[in-house]
Amino acid sequence: SPPQPVRDHRPALTGKLADVMAAIAEKRPQAALQIAKAWRDEAPGDVLALIALGEALEADRQIAAAARIYGSLIDLFPGRADLRRFAGERLERVLAAL
C-alpha cells in the first residue's frame, strides 16, 4: 500500500487567537472581547489581533463594529491582496447577519 501521510496533530490556532476563538466556541463572547481588545491595545497594527477583535465583536453581535474592524484591514494593508480578500469575505459575512 502507498505510504500514509504524516498527520500533524498540532492545533490550527495557537496563542491569543486560539484563546479568543475558544471563548467564542464556549459561548463566552464577553471574555473573547476582553482578550481581543487587550491584545489590540498592545499591538494595534497586528493583523491577528484585528481579526480576533472582529471575530469577538461578531460573536457579541456588534456587527457594525466588526465591519469597521474588518474594513480597517483594508485601510492598514492596502497592498496585501490576501488581506483585502479576507476582509471582503468577512464584510460579506457580517452584512448577511444584518
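## Exposure of A81

Partly exposed means a relative accessible area between the buried limit, under 20%, and the exposed limit, over 50%. A81 has a relative accessible area of 30%, so this residue counts as partly exposed. A81 belongs to helix α5.

How far apart are A81 and L50 in sequence and in space? They are separated by 31 residues in sequence. Their C-alpha atoms lie 17 Å apart.

## Model confidence

The model is predicted. Its mean pLDDT is 93. A pLDDT of 70 or more is reached by 99% of the residues.

Among the elements, helix α2 (residues 29-42) has the highest mean pLDDT, at 98. The lowest belongs to α5, at 94. Where pLDDT is low, the predicted coordinates should not be read in detail.

## Packing of α4 and α5

Two packed helices are described by the angle between their axes and the distance between the axes. Here the pair is helix α4 (residues 63-76) and helix α5 (residues 81-96). Their axes come within 8 Å. The crossing angle is roughly 165°. Angles over 145 degrees count as roughly antiparallel, so α4 is roughly antiparallel to α5. The crossing of α4 past α5 is left-handed.

## Contact residues

On the α4 side, the contact uses I63, A66, A67, Y70, G71, L73 and I74. On the α5 side, it uses R84, F86, A87, R90, L91, R93 and V94. By class, this contact has 10 nonpolar residues, 1 polar residue and 3 charged residues.

Terms used:
Residues are numbered from 1 along each chain as its sequence is written. This is a predicted model: local features need pLDDT of at least 70, side-chain atom pairs count only at pLDDT 80 or more; totals for chains, interfaces and linings use all residues. Side-chain values use heavy atoms; hydrogens and water are left out. Axes are lines fitted to C-alpha atoms, for helices over the stretch in contact, and angles run from 0 to 180 degrees between N-to-C directions. Helices (H or I, at least four residues) and strands (E, at least two) are DSSP runs, numbered from the N terminus. Angles under 35 degrees count as roughly parallel, over 145 as roughly antiparallel, 65 to 115 as roughly perpendicular and the rest as oblique. A crossing is left-handed if the near helix is turned anticlockwise from the far one by less than a right angle, and right-handed if clockwise. Contact means heavy atoms within 4.5 Å. Ala, Val, Leu, Ile, Met, Phe, Trp, Tyr, Cys and Pro count as nonpolar, Asp, Glu, Lys and Arg as charged, and the others, Gly among them, as polar. Buried means under 20% relative accessible area, exposed over 50%, partly exposed in between (1.4 Å probe, protein chains only). pLDDT is the predictor's confidence in each residue, from 0 to 100.
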